[in-house]
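Please open the structure in your viewer and keep the selection tool at hand.

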Amino acid sequence: EKPTEKSPDIMTWLILIYKNDKTFAPYCSELIKMKIIDFLKKTNTPKNNIILCPVPDFHERKYKKGELLVGLISEKIGIFTSNLLVKIKDIEKQHSQKKLSQKFENVRGAFCFNKGEVEIKNKIIFLIDDIFSTGASVNECARILKENGAKRVYVFTLGRTIIPEKEEKKEKWISMTML
């Protein structure tokens, strides 16, 4: 199938389909894997100093998107993975929050560090998620990882939501781009 009017570009189409169908996970993981490889080449960062970590899903899904992506990426490039974060409280859906500040407040305290997992002191964490909307979730995750000793946290996602600058621009579908 090809993109429809509801999903105007191939990335938006792929991400929307991926949310409900894990058979697209290998394609999605390949896109993130390429970005990680580019980053490693540009920064000359050794793989043994990196941990891949999924952003935990907030709501029950058919499958855990972040964990699936991280597993597939790890298989392809040989970087250690760990579920460093745990979701500890249910939150309201982010799209129901009207203001940006409400979205950040909504996720505060929703995650905690999985202390028994692995030592992250002075490690670089690659935080993996499917979509970067407002950045509220990844910001909260990065804060927790830094508080627990991570040297740096980098975020890799399939797409990024582009929010219209003016409130008058109410579009039915928001475009997404690769990070």
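## First stop: two helices in contact

Select Ala25, Pro26, Cys28, Ser29, Glu30, Ile32, Lys33, Ile36 and Ile37 in α2, which meet Leu68, Leu69, Leu72, Ile73, Lys76 and Ile77 in α3; contact here means heavy atoms within 4.5 Å. By class, this contact of α2 with α3 has 11 nonpolar, one polar and three charged residues. In this classification Ala, Val, Leu, Ile, Met, Phe, Trp, Tyr, Cys and Pro are nonpolar, Asp, Glu, Lys and Arg are charged, and the others, Gly among them, are polar.

The model is predicted: local features need pLDDT of at least 70, side-chain atom pairs count only at pLDDT 80 or more, and totals for chains, interfaces and linings use all residues. Residues are numbered from 1 along each chain as its sequence is written, and side-chain values use heavy atoms, with hydrogens and water left out.

Now display helix α2 (residues 25-43) and helix α3 (residues 65-77) whole: their axes come within 9 Å and cross at roughly 60 degrees. Axes are lines fitted to C-alpha atoms, for helices over the stretch in contact, and angles run from 0 to 180 degrees between N-to-C directions. The two helices α2 and α3 are therefore oblique to each other; angles under 35 degrees count as roughly parallel, over 145 as roughly antiparallel, 65 to 115 as roughly perpendicular, and the rest as oblique.

## Second stop: the whole chain

Zoom out and colour by secondary structure. The chain has five helices and six strands, where helices (H or I, at least four residues) and strands (E, at least two) are DSSP runs numbered from the N terminus. From the N terminus on, the order is α-α-β-α-β-α-β-β-α-β-β. Of the 179 residues, 41% count as buried; buried means under 20% relative accessible area, exposed over 50%, and partly exposed in between (1.4 Å probe, protein chains only).

Select aspartate 129 in strand β4 (residues 124-132). Is this aspartate 129 buried or exposed? With a relative accessible area of 11%, aspartate 129 is buried. Leaving aside residues up to four places away in sequence, aspartate 129 touches Ile32, Val55, Leu69, Val138, Phe156, Thr157 and Leu158.

Move to helix α4 (residues 100-107) and helix α5 (residues 136-147), which pack at an angle of about 45 degrees with their axes 9 Å apart. Show Lys103, Phe104 and Val107 in α4, which meet Ala136, Ser137, Asn139 and Glu140 in α5. This contact of α4 with α5 has three nonpolar, two polar and two charged residues.

Within α5, select asparagine 139. Its relative accessible area is 42%, so asparagine 139 is partly exposed.

## Last stop: valine 86 and the cysteines

Select valine 86 in strand β2 (residues 85-87). Valine 86 is partly exposed, at 31% relative accessible area. Not counting residues up to four places away in sequence, valine 86 touches Pro56, Ala110, Phe111, Cys112 and Asn114. The C-alpha atoms of valine 86 and cysteine 112 are separated by 5.4 Å, although the residues lie 26 apart along the chain.

Finally, compare two cysteines. Cysteine 28 is buried at 0% relative accessible area, whereas cysteine 112 is partly exposed at 28%. How many disulfides are there? The count is zero, a disulfide being a pair of cysteine sulfur atoms within 2.5 Å.
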